Amino acid sequence: MSNQIKLFIIDFNDFDVDDLAFKLQSFCVELDSNSKTYKQKLFSQFIRYKVLKDFFRLSKIEFSVNQNNKPYLESHSHTYFNISHTKNHIVMAVADEEVGVDIEEIVCKKSFMSIARRYFSNCEVDVLERSTHLEKDFYTLWTLKESQVKRSSLGIAYGLKDAFFYKKDDCWISENSEKDFLTYDYINSAISICCNEAHNAVVEIFKITNNSSLEEIELSRL
């Protein structure tokens with residue numbers, strides 16, 4: 001039986017922060033509005049409760065963190081989730097096995113190669129140095145690596161260099177888990193998912209609209 005993966009996306013600009021905070025009160029969640037990370041935490045809490053309670057109809061939702069500080073559901077051991085955000089978007093992947101997700105906005109930076117040499121393998125750096133689409137290749141590779149690290153919950157400092165990829169037919173392929181990755185293009189951003197046999201999974205993608213409804217969408221693969 002194929003794995004089930006669902007991806008949920010929120011565009012920050014679609015929501016009024018005060019209205020979202022009011023909606024979140026229905027889930028009995030309170031946040032410190034004076035915190036520097038208030039907006040990020042607000043959307044993070046909203047998407048997880050919205051998805052798990054309203055979409056999956058889960059009850060008695062209680063969160064905890066594992067030894068590597070990765071959040072998980074205490075009372076629903078077969079439902080796994082992971083969250084990532086950029087300046088303007090937040091995404092949440094839910095699966096029936098451990099899952100990692102990462103979203104990055106594709107922007108031009110002068111420091112691409114210095115970052116690559118610090119975190120990527122020599123072979124990956126060689127591919128980037130020859131790339132004619134450096135921004136796309138860099139962020140696709142970064143999200144792939146980050147999604148793998150987030151699935152394992154090892155963190156960048158420990159896991160990023162152990163996630164090796166090579167280029168084949170204009171696609172990044174994992175050296176160790178070729179079928180475990182998916183990457184999508186979304187409004188000039190790259191979104192990568194890492195989950196067991198993700199390549200063969202049944203994947204559904206939803207955008208949460210400003211009236212809190214869920215609109216199923218299709219995204220192009222990178």
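The model is predicted, so local features need pLDDT of at least 70 and side-chain atom pairs count only at pLDDT 80 or more, while totals for chains, interfaces and linings use all residues. Residues are numbered from 1 along each chain as its sequence is written, and side-chain values use heavy atoms, with hydrogens and water left out. Helices (H or I, at least four residues) and strands (E, at least two) are DSSP runs, numbered from the N terminus.

Helix 2 covers residues 38–55, and its 18 residues should span 26 Å at 1.5 Å a residue; the end C-alpha atoms lie 24 Å apart, which agrees. The expected span is 1.5 Å times one less than the number of residues. After helix 2 comes Arg-57, whose phi is positive, near 60 degrees.

Two strands pair if DSSP finds at least two bridges between them. Contact means heavy atoms within 4.5 Å; axes are lines fitted to C-alpha atoms, for helices over the stretch in contact, and angles run from 0 to 180 degrees between N-to-C directions.

Within this sheet, strand 1 (residues 4–11) has seven of its eight residues buried. Strand 1 pairs with strand 11 (residues 202–208) in the parallel sense over six bridges, and with strand 5 (residues 89–95) in the antiparallel sense over seven bridges. Phe-8 can be followed across both pairings: Phe-206 stands opposite Phe-8 in strand 11, and Met-92 is the bridge partner of Phe-8 in strand 5. Further along, strand 11 and strand 12 run antiparallel and are joined by four bridges, with Phe-206 opposite Glu-216.

In soluble globular proteins, nonpolar side chains tend to be buried together. The largest nonpolar core here has 27 residues, and those with the most contacts inside it are Ile-10, Phe-46, Ile-47, Met-92 and Ile-208. Such a core is a set of buried Ala, Val, Leu, Ile, Met, Phe, Trp, Tyr and Cys residues joined through side-chain atoms within 4.5 Å. Strand 1, helix 1 (17–25), helix 2, strand 4 (80–85), strand 5 and strand 11 each supply at least two of its residues. Helix 2 gives the largest share, eight residues. Not counting residues up to four places away in sequence, Met-92 touches Lys-6, Leu-7, Phe-8, Ile-47, Arg-48, Val-51, Leu-52, Phe-81, Asn-82 and Ile-83.

Another open sheet has four strands in the order 6-10-9-13, with antiparallel pairing. Its edge strands are strand 6 (99–105) and strand 13 (220–221), each pairing on one side only. Strand 6 pairs with strand 10 (residues 189–195) in the antiparallel sense over seven bridges, and Glu-104 stands opposite Ala-190 in strand 10. Helix 5 (residues 134–152) packs on this sheet, touching strand 6, strand 9 (181–185) and strand 10, and its direction makes about 150 degrees with that of strand 6.

The aromatic residues remain. A search of the whole structure finds 18 aromatic pairs. Rings of Phe, Tyr and Trp (its six-membered ring) pair if their centres lie within 6.5 Å; planes under 30 degrees apart count as stacked, over 60 as edge-to-face and the rest as tilted. Phe-138 and Trp-142 are stacked, because their ring centres are 6.2 Å apart and their planes are at 20 degrees. These two residues are four apart in helix 5, so about one helical turn separates them. Both Phe-138 and Trp-142 are buried. Phe-165 and Phe-181 form an edge-to-face pair, at 5.1 Å centre to centre and 75 degrees between the planes. This pair links distant parts of the chain, with Phe-165 in strand 7 (residues 165–168) and Phe-181 in strand 9, 16 residues apart. Phe-165 counts as buried at 1% relative accessibility, and Phe-181 is buried with a relative accessible area of 8%. Ring pairs also link Phe-112, Tyr-119, Phe-120, Phe-138, Tyr-139 and Trp-142 into a cluster.

How values were computed: Buried means under 20% relative accessible area, exposed over 50%, partly exposed in between (1.4 Å probe, protein chains only).
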